[in-house]
Amino acid sequence: MAVLDSSSETRAAHMQLLEKYYKAFNAGDMPTFYSCLNSEVIHDINEGKSEVGIPAFQKFMERMNTCYKEELHNIHIMSDNAGEYLSARFVVHGTYLKTDAGLPEARSQKYILPAGAFFEIKNNKIGRITMFYNLADWLNQVK
């Protein structure tokens, strides 16, 4: 039996936190999804601005869940040795349901898009999320 030092235990706990976060996302379990976040979470939106706090993140997700139906596949979570900084790579399988402001008209277009996220953990919750996907690729798929 391997003995984990405190940094290994922290790393494992933080990786489990991200697993919970993504499992809740795919299940549409928004209360559990939000419970993974620090109250002052910083959300760096892909090619957009940063927003602070769970209420701002909830508003963002309400728009996302109205305009898009997404499920994440092939999720790979990685961590630094201490478990303070983590990342995830995944493939988004989605349907564009309702036209999002400033974007092409939605006609239930399907898309498959590689994406990634970078995380900072604060007080055993997600303190920062920085998202990345190729917007030009997504636009090409839905036009």
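From the N terminus on, the elements of the chain run α-α-β-β-α-β-β-β-β-α, which comes to four helices and six strands, where helices (H or I, at least four residues) and strands (E, at least two) are DSSP runs numbered from the N terminus. The radius of gyration, taken over C-alpha atoms, is 16 Å, close to the 15 Å that the globule rule gives for 143 residues, so the chain is as compact as a globular protein of that length; the rule itself is 2.2 Å times the number of residues to the power 0.38. This is a predicted model, in which local features need pLDDT of at least 70 and side-chain atom pairs count only at pLDDT 80 or more, while totals for chains, interfaces and linings use all residues. Residues are numbered from 1 along each chain as its sequence is written, and side-chain values use heavy atoms, with hydrogens and water left out.

**Overall form and surface**

- Along its principal axes, the C-alpha trace of the chain spans about 55 × 30 × 25 Å.
- Of the 143 residues, 40% count as buried, a term that stands for under 20% relative accessible area, with exposed meaning over 50% and partly exposed in between (1.4 Å probe, protein chains only).
- Among the contacts (heavy atoms within 4.5 Å) with a separation of 6 or more, 56% come from residues 24 or more positions apart.
- The chain exposes about 8,300 Å², of which carbon and sulfur atoms supply 53%, as given by the Shrake-Rupley method with a 1.4 Å probe.

**Aromatic rings**

- The structure holds 14 aromatic pairs, counted where rings of Phe, Tyr and Trp (its six-membered ring) have centres within 6.5 Å, with planes under 30 degrees apart called stacked, over 60 edge-to-face and the rest tilted.
- Tyrosine 96 and tryptophan 138 form an edge-to-face pair, 5.0 Å centre to centre with 70° between the planes, and this pair links distant parts of the chain, since tyrosine 96 lies in strand E4 (residues 85–96) and tryptophan 138 in helix H4 (residues 135–142), 42 residues apart.
- Both tyrosine 96 and tryptophan 138 are buried.
- Ring pairs also join Tyr21, Tyr22, Phe25, Phe33, Tyr34, Phe57, Phe60, Phe90 and Phe119 into a cluster.

**Leucine 139 in helix H4**

- Leucine 139, found in helix H4, is partly exposed, with a relative accessible area of 29%.
- Leaving aside residues up to four places away in sequence, leucine 139 touches Leu103 and Pro104.
- Leucine 139 and lysine 110 are 29 residues apart in sequence and 11 Å apart in space, C-alpha to C-alpha.
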